[in-house]
Amino acid sequence: MNELHYQLDLLKAMNQKLTERERMYTKVCESAEGAFLYCSLEKKQLSALGQWREFFDFEVRETKDFSKILDVVEEQYVLSLREVLFLEKLGEESGSAECRLRGKKVWLQFRTQVYYDREHNPTDKVICIYNVTRLKSQNEELTFMAYYDGLTGLYNRNYFVRLLSEYVRNAGEKNSVVSVMIIDIDEFRKVNDGLGIIVGDELVQQFGLFLKEICEDNVIACHLHTDVFCVAIFEPSGNRNVDSIYKAILNRTKDAFHISSGQDIHITVSIGVAEYPQASRSALELINCAEIVVFKCKNQGKNMLQYFDTPVLTDFLDSIELENKLKKAVFNRDFYMCYQPQYYAGNRRLRGVEALIRWKDEDSRLISPATFIPVAEKNGSIITIGSWVVEESVKQYAAWRKQFGFPFIMSINISALQYKRGDFVDSLVEVLKRYQVSPSEIELEITESVLIDDFRAVSERLKVLRGYGIRISLDDFGTGFSSLSYLKKLPIDTLKIDKSFIDTVMTDSATRVITESIINMVKSLGFESIAEGVEEAQQYEYLHAIGCDVIQGYLFSKPLSPQEFETVLNGAV
Ligand code: C2E
Ligand code: MG
Ligand code: MG
């Protein structure tokens, strides 16, 4: 009897232990993030554990019910998953698939493990199912970021360089060619500054999408940075060559890009082309060479395509050397001013002088301002140079005014960049006060490039300057967009007719017609006209006859040093 009691107690204790164990395993499975199927192959029993009910809305009671899982799997993954789920051989198999669970698309990962007994009969099988949707999308994002540019969907720079290196290597083996085009949107800064970076980004995005469309076999494109793209063509031929891609770009840019916020933007592009093996044998250098050509296009008026060749490289290296030399010159103040007199056409009396900067480099070579001013404008040093010119010219004028006792006009060239600075007017007025110079004796020469960006804002500022009594002169008239109609709206005092007109005025009747109509227009608007670059007596006589007010040019005087100009002033007293 006792023995029976003892056995019963033992069984109870074992049962309790088993229940506790089962409870423990169930809890562990439930707290895990997967859904599990345990299958006893010997007893033909199946248990669903863990998140099964969260994942699936069907029960699986016997092995053949596994195919119910396949019903939620996207078609293209069914075959490979079938093998995983119905695995019979010893060991582990896994796979993942896109599935529809309760109306949602998710990525599930499946892992099946089969166990055998000593006689090699399968005994148990466990199927673990995990939801890896988040991991998958993170992975996809990482892969995308590794190869593509987020804004345009084109290749990113790094991956593009890798692909281009492969092109170059293959072309080396096959003795063939790779063309690299750098495409740079002209005046992109104006879009960004004027319409905002969101519009700028959308423009870049649309242009990128367009480039993507024209990519095909052996043509790849990437977004290098900001508004710059690169296209590479392996073994250019037929429709896959620089010309056809250029044509496609010209065709697309004939029409505006429609921005979602309503703007229509017309663009032009500058394109530099470098080819393997002629320009270089390395992918990165090919890109650099094509970039150098774009730089040149930008200086030559944009909206064009040019090929890389040796003179381009020489020019580029010269411009870098010039830029370095200029930086030093700005630091050492290696500049001086000279002054070119201007005379009234009627009585040939002195009207004033134009202050012109001079730079003597370390080897005492004179470098023309026509060469270095554009470089200074590009690298920003024009701000320092320009303030120095203003201070030097005003100081010189104050000294002459005091020494000779009569007024004339000191005309100072102002670059667009200088003029656009918010503090330009204040600092000019401060210099005039400091040297006690009357604003009406100072004239600022601006070019049409100042007006291109924002006509209204520039006109407003001109009005402020004229409010102080400072004179404004429009320089190099006839070389820019020169529309006579906008002259009416401009608050200016003087208009300088560019030397290019004067050069041909005696030989070309069309130039004479234009020059006469400019002078008539200027007269009717009440401005003063100055002819620049008058070298011949005949030119002077003609200009005088058609009513030009003032003459400046070598015929009367070259630009003079301050000492030389003092003899002119002595004669004028
Ligand atoms: P610009 O303002 O149109 O100045 C007139 C240029 O024509 C000067 O050249 C002058 O020397 C030249 N010139 C005048 N008369 C004749 C002539 O009869 N024949 C010929 N062949 N040339 C004549 P320069 O001094 O070489 O200056 C070139 C340009 O550089 C200037 O053109 C102006 O745009 C710029 N520049 C000169 N000095 C300054 C400056 O201080 N600041 C700024 N921002 N630009 C300057
Ligand atoms: Mg000038
Ligand atoms: Mg000029």
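## Helices and the model

A helix here is a DSSP run of H or I with at least four residues, and helices are numbered from the N terminus. In that sense Asn379 belongs to helix H12, which covers residues 369–379. The structure is a predicted model.

Asn379 is partly exposed, because its relative accessibility is 26%. Between Asn379 and Thr268 there are 111 residues in sequence and 23 Å in space, taken from C-alpha to C-alpha.

## The magnesium ion, ligand 2

Four protein residues donate to the magnesium ion (ligand 2): Glu354 through OE, Asn413 through OD1, Glu445 through OE and Asp475 through OD. Their distances from the ion run from 2.0 to 2.2 Å. Along the sequence these donor residues follow the spacing E-x58-N-x31-E-x29-D. Glu354 and Asn413 link distant parts of the chain, being 59 residues apart. Glu354 sits in strand S14 (residues 350–360), and Asn413 in strand S16 (residues 409–413).

## The magnesium ion, ligand 3

Which residue bridges the magnesium ion (ligand 2) and the magnesium ion (ligand 3)? That residue is Asp475, and the two ions lie 3.9 Å apart. Asp475 is buried, because its relative accessible area is 5%.

## Aromatic pairs

Two aromatic rings are described by how far apart their centres are and by the angle between their planes. With ring centres required to lie within 6.5 Å, the model has 29 aromatic pairs. One of them joins Phe207 and Phe210, whose ring centres are 5.7 Å apart and whose planes meet at 50 degrees, so the pair is tilted. Both residues are in helix H8 (residues 197–214), where they are three residues apart, about one turn of the helix. Phe207 counts as buried because its relative accessibility is 0%. Phe210 is at 8% relative accessibility, so it counts as buried too.

Phe406 and Phe408 also form a tilted aromatic pair, with 6.2 Å from centre to centre and 50 degrees between the planes. Phe408 has a relative accessibility of 4% and is therefore buried. Phe406 and Phe408 are part of one aromatic cluster that also includes Tyr339, Tyr397, Trp400 and Phe565.

## Charges over rings

In two places a charged residue lies over the face of an aromatic ring. Lys136 is placed over Trp107, 4.0 Å from the ring centre. Arg252 is placed over Phe257, and here the distance from the ring centre is 3.8 Å.

## A pair of helices

Packed helices are described by the angle between their axes and by the distance between the axes. Helix H13 (residues 382–404) and helix H15 (residues 424–434) have axes that come within 10 Å and cross at roughly 25 degrees. Since angles under 35 degrees count as roughly parallel, H13 is roughly parallel to H15. The crossing of H13 past H15 is right-handed.

## Loops and backbone

Lys64 is in the loop between helix H2 (52–55) and helix H3 (66–72). Lys64 is exposed, because its relative accessible area is 59%. From Lys64 to Phe86 the separation is 22 residues in sequence and 9.0 Å in space, C-alpha to C-alpha.

Most residues other than glycine have a negative phi, and most peptide bonds are trans. Where does this model depart from that pattern? The peptide bond from Tyr276 to Pro277 is cis, with omega near 5 degrees. Pro277 is in the loop between strand S11 (269–276) and helix H10 (283–299). Arg102, not a glycine, has a positive phi of about 45 degrees, and its place is the loop between strand S3 (91–101) and strand S4 (104–116). Asn303, not a glycine either, has a positive phi of about 45 degrees. The loop that holds Asn303 runs between H10 and strand S12 (305–307). Asn303 has a relative accessible area of 42%, so it is partly exposed.

Technical notes
Residues are numbered from 1 along each chain as its sequence is written. Chains are lettered from A and ligands numbered from 1 in the order in which they are written. This is a predicted model: local features need pLDDT of at least 70, side-chain atom pairs count only at pLDDT 80 or more; totals for chains, interfaces and linings use all residues. Side-chain values use heavy atoms; hydrogens and water are left out. Donors are N, O and S atoms within 2.8 Å of the metal (3.2 Å for Na, K and Ca); water is not among the atoms, so sites may look incomplete. Helices (H or I, at least four residues) and strands (E, at least two) are DSSP runs, numbered from the N terminus. Buried means under 20% relative accessible area, exposed over 50%, partly exposed in between (1.4 Å probe, protein chains only). Rings of Phe, Tyr and Trp (its six-membered ring) pair if their centres lie within 6.5 Å; planes under 30 degrees apart count as stacked, over 60 as edge-to-face and the rest as tilted. A charge sits over a ring if NZ of Lys or CZ of Arg is within 6 Å of the ring centre and within 35 degrees of the ring normal. Axes are lines fitted to C-alpha atoms, for helices over the stretch in contact, and angles run from 0 to 180 degrees between N-to-C directions. Angles under 35 degrees count as roughly parallel, over 145 as roughly antiparallel, 65 to 115 as roughly perpendicular and the rest as oblique. A crossing is left-handed if the near helix is turned anticlockwise from the far one by less than a right angle, and right-handed if clockwise.
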